[in-house]
Amino acid sequence: MLLFCPHCSNALTVGISPETGRNRLECRTCPYQHLITTSMFSRREYTRKEREDVFGGPGAWDNADKTPVQCPKEGCNGNEAAFFQVQIRSADEPMTSFFKVSRVPGFVYDGCKEMEG
């Protein structure tokens, strides 16, 4: 939770009051201070959105290079992975590998989806 100063509208930071030793919200621009007397927290649960395949649809992985590999994700029995390597950074950086794990060799790669950089 981000709180703002009611006087100058800058973000408030948490600091310790030298008088009481308790936490306080304080503005770094003006002399505004507010002692924190109750517990303040906020928690939000976010759900991940399914993203489009970056290589252009369901048939894009059919001609990808394949390698036998055991999926490191717990509970996945994948034993083959298709991968692409693309230079998306500058030339002195390593290539980025995109791969998908297939649970059954020769079938559509709809298993675990991973990306490593």
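A disulfide would need the two sulfur atoms within 2.5 Å. Cys8 is likewise in no disulfide. Its nearest cysteine sulfur belongs to Cys27, 3.3 Å away.

Cys5 has 3% relative accessibility, so Cys5 counts as buried. Cys8 has 27% and counts as partly exposed.

## The annotated binding site

Which residues does the UniProt annotation "binding site" cover? The unreviewed entry lists Cys5, Cys8, Cys27 and Cys30. They spread over 26 residues of sequence, yet they cluster in space. The largest C-alpha distance is 8.6 Å. The annotation may be inferred rather than shown by experiment.

Cys27 lies in strand S2. Its relative accessibility is 9%, so Cys27 counts as buried. Leaving aside neighbours within four places in sequence, Cys27 is in contact with Cys5, Cys8, Asn10, Leu12 and Tyr32.

Cys30 sits in the loop between S2 and S3. Cys30 is buried, because its relative accessible area is 19% and the cut-off for burial is under 20%. With neighbours within four places in sequence again set aside, Cys30 is in contact with Cys5, His7 and Cys8.

## The three-stranded sheet

Three strands form an open sheet, in the order S1-S2-S3, and the pairing is antiparallel. S1 and S3 stand at the edges. Each has a single partner strand, so one side of each is left without a neighbour in the sheet. Neighbouring strands are turned by 30° against each other on average, direction ignored.

Strands of a sheet pair through backbone hydrogen bonds, either parallel or antiparallel. Here S1 (residues 12–16) and S2 pair over 5 bridges. Val14 stands opposite Leu25 in S2. On the S3 side, S2 pairs with residues 33–35 over 3 bridges. Arg24 stands opposite Leu35 in S3, and the bridge partner of Glu26 is Gln33.

Is strand S2 (residues 23–27) mostly covered or mostly uncovered? S2 is mostly covered, with 4 of its 5 residues buried. Cys27 belongs to this strand.

S2 takes part in a hairpin with S1, with 6 residues between the two strands. Gly21 is in that turn and has a positive phi of about 80°. A second hairpin joins S2 to S3 through 5 residues. Cys30 is found in this loop between S2 and S3.

## Confidence along the chain

The mean pLDDT of the chain is 78, and 80% of its residues reach 70 or more. Which element has the highest mean pLDDT, and which the lowest? S2 has the highest, at 93, and strand S7 (residues 113–116) the lowest, at 44.

Over residues 106–111 the pLDDT is below 50. Beyond near neighbours in sequence, this stretch has 14 contacts in the model. Where pLDDT is low, the predicted coordinates should not be read in detail.

Note on methods
Residues numbered from 1 in each chain as written. Predicted model: local features only at pLDDT ≥ 70, side-chain atom pairs only at ≥ 80, totals over all residues. Heavy atoms only, no water. Buried < 20%, exposed > 50% of the residue type's maximum accessible area, 1.4 Å probe, protein only. Pairing = 2+ DSSP bridges. Contact = heavy atoms within 4.5 Å. Axes fitted to C-alpha atoms, helices over the stretch in contact; angles between N-to-C directions. pLDDT = per-residue confidence, 0-100.
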